[in-house]
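Student: I am new to this structure and would like to learn how to read it. Can we begin with the ligand and then turn to the backbone?

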Amino acid sequence: MTLAAADRARVPAEVGIGRPVVWHNPARVASADALAASPIGAADVARGHALWARCAPLLATLFPELAASDGRIDSALVALDPPLAATLVGGAQRVWVKTDHALPVTGCIKARGGVFEVLGFALDVATAAGFGRDADVTQLASPAWRARFARHAVLVGSTGNLGFSVGLVARALGFEAEVHLSRDAKAWKKDRLRALGVRVVEHVGDYTMAVAAARARAAATPGAHFVDDETSRELFVGYATAADAIAAQLDAAGVHPTPAAPLVVWLPCGVGGAPGGVTLGLALRYGDAVRCVWVEPVRSPCMLLQLAVGAATPVSVRDVGLDNVTVADGLAVAEASRFVAQTCAGLVDAVVTVDDASLLAWVRRLWHEAGLRLEPAAAAGFAACAQAVAGQRTSDRAPIPAWVAPGAVHVIWTTGGALLPEAVFEALLAA
Ligand SMILES: *Cc1c(COP(=O)(O)O)cnc(C)c1O
């Protein structure tokens, strides 16, 4: 594929040569208008909360580490130390970190989407087999139900983290699990999946190919469920429920954003489901008092391209000469979800791209100065915030004022890393 001239003109020249950019989304509209056109709304998010609540006792049974939170999967919201915050955004603004890198069970944001979708599938299977609406959900952890679930396979394609999250919970419930991994997937993620009894299929191709292979296998497997990272509404709704969790934490911290002093949220973006769901959930909650900025590696800016050319036109980073190679394996995606691009086109403020060197520098810095154990993808929000708010390397104009409004409150979403093996983390620190 090559890009039509009119589409290419919508993409800043720096993108094609792999230079960092701050790209302001020209399709951003008032949140109310974007939400009115969205296929996913408040009722879906409410249904998501109901599913989490119903399954919480089951999760607490399956994963003892969740006993303390009564089966809720959430992470702390922590204030970044003022000196570090000041180097990111200057003195007048506050910076919070939503620490999904330490999310229980999976150590990454995929717990919100992948775990949610597998729970929903389990309930569907159980309901079809006569499990009552009001039945004790912890029964689903019994040998009898495990044997019932074992008749079904759950499949997924992934660069690693979604596969881990889906495989983990699927196996915990007794499902067969088959995870198709792209070339980016790290050896330790494969080993860990195999140890859980997951069938791991390794691909020499990229994420898009791994997803396609998993989709084809699922279509040919009776009773199988395919977790489709490119089009799944369930994943999206699972991610969206995170917005109300963080809103409660912000409320408790006395943070009440307004359009003039907004919440600016920095979200790493791979195929788009996680940042998309969170962004939609936050828009439902805060309207125009929230600004969401998505962050991609300079050689994998698939969502920037997809938003630039519009969701109707398929596009790959290869169409502009990029190779989709990045140290941020969780973000190594060449073709964005067009479902997410469509749903969130009017809600995303900007996309910022960051290079590998800055990701690694922030991994080191956040470990040494804040004790955060991040994988490179999870440091993307810091790299982007530093780059964009300082106003350096903007492709066209200065940062939009909302980001630098004196009362603005920044939230940087860290998305994975707590479960990195020690040797892997040491190697990252030394890179
Ligand atoms: C998957 C992932 C993301 C991005 O989520 P998408 O749904 O792919 O956009 C960000 N960070 C980490 C660590 C991830 O694993």
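Student: Which helix gives the largest share of the shell around the ligand?

Tutor: This is a predicted model. In it, helix α13, residues 273–286, gives the largest share of that shell, with 3 residues. The ligand is surrounded by 16 residues, and the closest include Lys-110, Gly-272 and Thr-415. By class, 7 of the shell residues are nonpolar, 7 are polar and 2 are charged.

Student: What lies 2.7 Å from an oxygen atom of the ligand?

Tutor: A polar contact is a pair of N or O atoms within 3.5 Å. Here a polar side-chain atom of Lys-110 lies 2.7 Å from a ligand oxygen atom. Gly-272 places a backbone N or O atom 2.7 Å from an oxygen atom of the ligand. With Thr-415, a side-chain N or O atom is 2.7 Å from a nitrogen atom of the ligand. The protein covers 98% of the 370 Å² of accessible area that the ligand has on its own.

Student: Which cavity does the ligand take up?

Tutor: The ligand takes up the space of the largest cavity.

Student: What should I look for in the backbone angles?

Tutor: Most residues other than glycine have a negative phi. Asp-70 has a positive phi, near 55 degrees, and sits in the loop between α4 and β2. For Asn-324 phi is also positive, about 60 degrees, and this residue lies in the loop between α14 and α15.

Student: Is each of them buried or exposed?

Tutor: Exposed means over 50% relative accessible area, and buried means under 20%. Asp-70 has 60%, so Asp-70 is exposed. Asn-324 has 0%, so Asn-324 is buried.

Conventions
Residues are numbered from 1 along each chain as its sequence is written. This is a predicted model: local features need pLDDT of at least 70, side-chain atom pairs count only at pLDDT 80 or more; totals for chains, interfaces and linings use all residues. Side-chain values use heavy atoms; hydrogens and water are left out. A residue is near a molecule or strand if one of its heavy atoms lies within 4 Å of it. A polar contact is a pair of N or O atoms within 3.5 Å; within protein, one must be able to donate a hydrogen and the other to accept it, and residues adjacent in sequence count only if both atoms are side-chain atoms. Accessible areas come from the Shrake-Rupley method with a 1.4 Å probe; for residues, only the protein chains shown count as cover. On a 1 Å grid over the protein atoms alone, a cavity is a set of points where a 1.4 Å probe fits but cannot get out, and a pocket is an open set with protein on both sides within 12 Å along at least five of seven lines; lining residues have an atom within 4 Å of a point. A molecule sits in a cavity or pocket if more than half of its atoms lie within 2 Å of its grid points. Helices (H or I, at least four residues) and strands (E, at least two) are DSSP runs, numbered from the N terminus. Ala, Val, Leu, Ile, Met, Phe, Trp, Tyr, Cys and Pro count as nonpolar, Asp, Glu, Lys and Arg as charged, and the others, Gly among them, as polar. Buried means under 20% relative accessible area, exposed over 50%, partly exposed in between (1.4 Å probe, protein chains only).
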